[in-house]
Amino acid sequence: MHKAAFTIVAVLNPFAYIASRWTPSPRTVRRAALAALVMSVLIVVTGGAVRLTGSGLGCDTWPKCTDDSLVVTQAQGFHGAIEFGNRMLTYVLCAAVGGIILAARSAEPWRHSLTRLGWLQFALVMGNAVLGGITVLTGLNPYSVAGHFLLATSLIAVTTVTWQRTGEGDSAPRPRVPGPVRKLSWALVATTLVLIAAGTVVTGTGPHAGDSSEIKRMPFDWATTAHVHAIAAWLVCALAVAMWLVLRVVDAPDDTRARARDLLVVLLAQGAIGYVQFFTDVPEVLVAVHMLGSCLVWISVLRVVLSLRERSADPAQVPARDDAQLSAV
């Protein structure tokens, strides 16, 4: 009867069943969160590879790859393999997200906040999978493509926050810098979002439509949108420099100033790549690197903002030492 009861629990609530048999260390939980973050960036980069190789319609339909086949066929060749490979990577991303959900649920004590963030990640992955299918079914509509990227950016935001939270407690956040500095950080976040959104418009009007067939483009001048994107980038740079200087003036903690410095380095590299690709007719390799840079800029901005506050561990979150541990002290 006892075995039967456990079997029922395992079927009805597998997370609780596993949690009753596995207690991950804080390091394991943090590694699971990092894996989800890395995969959320990788899925963006590989999605860019699909677009830049003209493989956006390598699979003719969705959720199948063709009307008659769930998987890619030999007739679809290289482009089909690239598109189908990106679709399969979504399952790897789901596994990584499932890993952080399971690790957070199995931690002792149960990290409810991390579990909720993990399920939010899963919802974003599923939503973006559906939007990706709509993108294929609408023949790579540029607005759908832009939404696909922005939803992926939202996923990166949540995975970054989750990774940060694995190193913190669940108590109320306490500021580490004065209020005006925190307001400056939110201006930095808002401007970065404008920069990323402007980047999707540049892509939607640019030469890389995602397929060799006639693909609808956004009705804007590409050079003009690129200049608007550049202006937004300069605003982000100005705010990042201001943040770096202000953090020094208010004598912010060393780790916070280090993150502001890292943001400046990433922005400098990203800006250089952006200008080079603009003046070299947007080569595919540089566009791919620029997409990776966009993810890194977003992560760097979020890490600066998250470093402006701290959460100490609740007493309940500090695991009690057993008798063996006490005797070893």
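A helix in this account is a DSSP run of H or I with at least four residues, and the helices are numbered from the N terminus. The model described here is predicted, and the protein chain in it holds 11 helices and 2 strands. Read from the N terminus on, these elements follow the order α-α-α-α-α-α-β-α-α-α-α-β-α. Of the 329 residues in the protein chain, 43% are buried. When contacts between residues at least 6 apart in sequence are considered, 76% of them join residues that are at least 24 apart.

**Helix 9 and its surroundings**

Helix 9 covers residues 254-279, and its 26 residues should span 38 Å at 1.5 Å a residue, which agrees with the 38 Å that separates its end C-alpha atoms. The buried residues of this helix are Thr256, Arg259, Ala260, Leu263, Leu267, Gln270, Gly274 and Gln277, and these buried residues pack against helix 6 (142-165), helix 7, helix 8 and helix 10 (284-306). Just after helix 9 comes Asp281, a residue whose phi is positive, at about 60°.

Two packed helices are described by the angle between their axes and by the distance between those axes. For helix 9 and helix 10 the angle is about 160° and the axes lie 9 Å apart. Since angles over 145 degrees count as roughly antiparallel, helix 9 and helix 10 are therefore roughly antiparallel to each other. Their crossing is left-handed, and the residues that form the contact of helix 9 with helix 10 divide into 14 nonpolar, 7 polar and 2 charged.

**Helix 7 against helix 8**

Helix 7 (residues 179-205) and helix 8 (residues 222-249) also form a packed pair, with an angle of about 160° and axes that are 9 Å apart. That angle makes helix 7 roughly antiparallel to helix 8. Helix 7 passes helix 8 in a left-handed crossing, and the residues of this contact are made up of 20 nonpolar and 7 polar ones, with no charged residue among them.

| Residue | State | Relative accessible area |
|---|---|---|
| Ala197 | partly exposed | 29% |
| Thr225 | buried | 11% |
| Asn86 | buried | 16% |

Ala197 is found in helix 7, and because its relative accessible area is 29%, the residue is classed as partly exposed. Ala197 and Phe149 are 48 residues apart in sequence, while the distance from C-alpha to C-alpha is 9.1 Å.

Thr225 belongs to helix 8. With buried meaning under 20% relative accessible area, the 11% of Thr225 is the reason why this residue counts as buried. If the neighbours within four places in sequence are left aside, the residues in contact with Thr225 are Val201, Val202, Thr205 and Phe220.

Asn86 lies in another part of the chain, in helix 4 (residues 77-106). A relative accessible area of 16% makes Asn86 a buried residue as well.

Notes. Residues numbered from 1 in each chain as written. Predicted model: local features only at pLDDT ≥ 70, side-chain atom pairs only at ≥ 80, totals over all residues. Heavy atoms only, no water. Axes fitted to C-alpha atoms, helices over the stretch in contact; angles between N-to-C directions. Parallel < 35°, antiparallel > 145°, perpendicular 65-115°, else oblique. Left-handed = near helix turned anticlockwise from the far one by under 90°. Nonpolar A, V, L, I, M, F, W, Y, C, P; charged D, E, K, R; others polar. Expected span 1.5 Å × (residues − 1). Buried < 20%, exposed > 50% of the residue type's maximum accessible area, 1.4 Å probe, protein only. Contact = heavy atoms within 4.5 Å.
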